[in-house]
Amino acid sequence: MKYISTRGHAGQPANPEFCDILLGGLAPDGGLYLPETYPQVTRAELDAWRSLSYAELAFAILSKFITDIPPADLKAICDKTYTADVYRHVRQGDRAADITPVHWLEEGRLGLLELSNGPTLAFKDMAMQLLGNLFEYVLARRGETINILGATSGDTGSAAEYAMRGKHGVRVFMLSPHGLMSPFQRAQMYSLQDENIFNIAVTGMFDDAQDIVKAVSNDHAFKAKYKIGAVNSINWARVAAQIVYYFKGYFAATKSNDEQVAFCVPSGNFGNICAGHIARRMGLPVAKLILATNENDVLDEFFRTGVYRPRKAAETHVTSSPSMDISKASNFERFVFDLLGRDPQKVAALWAEVDAGRAFDLSASPEFAAIAEFGFVSGASRHADRLATIRKVFDQYGVMIDTHTADALKVAWQHEAGVPVLVLETALAVKFAETIREALGREPERPADLEGIESLPQRVEVMAPDADAVKRFIVDRVGA
Ligand SMILES: Cc1ncc(COP(=O)(O)O)c(C=O)c1O
Ligand SMILES: N[C@@H](CCOP(=O)(O)O)C(=O)O
């Protein structure tokens, strides 16, 4: 499988393969990598995949995108990654061996697709654990090292650090918004004392941190000299790994491949739902992709109006679903590439506007007129909605959900899908204890292995949101 950039210039090698872009992250033209075509899944394959374990399914799907790792090695990596031991934080009564079980709130009608059973209690572990093993394998094969530069609003950071800690040849430099993550999220990241992990809290929002990651990646000389890599969903490997659980969820929610389902996805950087979009383009029978935002409703606005208007930091709300406090959604570029018939010139022109801090408007375009074909509907949720939803789900179903999953459920209830709806559970409640206390007047459930994490000593460098300062920090730690 060869990869292309959404902006047309994939760089060197001219037709990169999976391992090249795994290490490359952002394309050299500032665009995002995508496969040159989406592999199609036949009905026979769907039938055969229905009974596979998560690791077997991951191997079957990823084999379509990864053709430069020998199959036996890729299979071993999938088997090592997707184990019940790693994804052990399942709800009572659900099977860890399923890796991403469906927890039905209303049998056959409305379920939670449990994606937060991994080490850091958020859906990021689903892809990040695989990335950790892929990096280790590819770096060893090539005799290389990597310095990962990432940005987090709360969950990518800890998932990446847990997946990469102690990995040979890998350092992680993770930028987080100073003071804006929950105490639990901060503790997960800043309490790690591993020598290859560096936490930097920037005095800004997630979008500022993400801009720094892109600015550093776009300094090609620096990127090459210091071997800068990415673990955010700008890295295609993240999105590819996330495609798998849409298939797994579909099989769990249906009895035959003649049926359809809808997925409701709490969205910020558009990485998660982008994977759902690609699963649907591959042929998974998905009736609807329901996109939910919090008060930072840039994406909801686009799907309702055709206008994409990224907000500045001052206009970005600090909310009780903080991991979605994002106003410039990286992966949205991948979707717009598909929406515009995969025309890189058009995408480059639109993102020249975005990069200059401006909006773009597709409302009068023929492509937006035909957007229904992509199956998206959307909605937004507010703090009061989150509280009401967390209470309702606890009282009615005896299930405690986190604030991001609550945003999604609220929006799912707004849309009559006519098919089973799976709401993607993207984090566990314990990560957002303050809002759980406000909603339910009690402490969230906490896995025993994360007891007392907030009282561990923490290690973090606070810095202004300045790409040059981050580069200096990296140079000091890595050496010339
Ligand atoms: C808990 C949680 N839910 C939802 C999201 C939004 O996912 P995405 O950025 O892939 O749209 C994030 C972060 O991105 C998250 O951490
Ligand atoms: N919500 C994310 C933001 C980064 O998203 P990513 O999927 O692009 O890594 C976080 O928790 O950090």
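Which residues is K124 in contact with, leaving aside its neighbours within four places in sequence? I looked this up and found D155, T156 and A159; two residues count as in contact if their C-beta atoms, placed from the backbone, lie within 7 Å.

I noted that this is a predicted model, in which local features need pLDDT of at least 70 and side-chain atom pairs count only at pLDDT 80 or more, while totals for chains, interfaces and linings use all residues. Residues are numbered from 1 along each chain as its sequence is written, and chains are lettered from A and ligands numbered from 1 in the order in which they are written.

I then placed K124 in helix α5, residues 124-142 (helices are DSSP runs of H or I of at least four residues, strands runs of E of at least two, numbered from the N terminus). K124 is buried because 33 other C-beta atoms lie within 10 Å (buried means 20 or more, exposed 12 or fewer, partly exposed in between). In an unreviewed entry, UniProt lists K124 for "modified residue: N6-(pyridoxal phosphate)lysine"; such annotations may be inferred rather than shown by experiment.

Strands β9 (261-266) and β10 (286-293) run parallel over six bridges, and C264 stands opposite I290 in β10.

Key:
Pairing = 2+ DSSP bridges.
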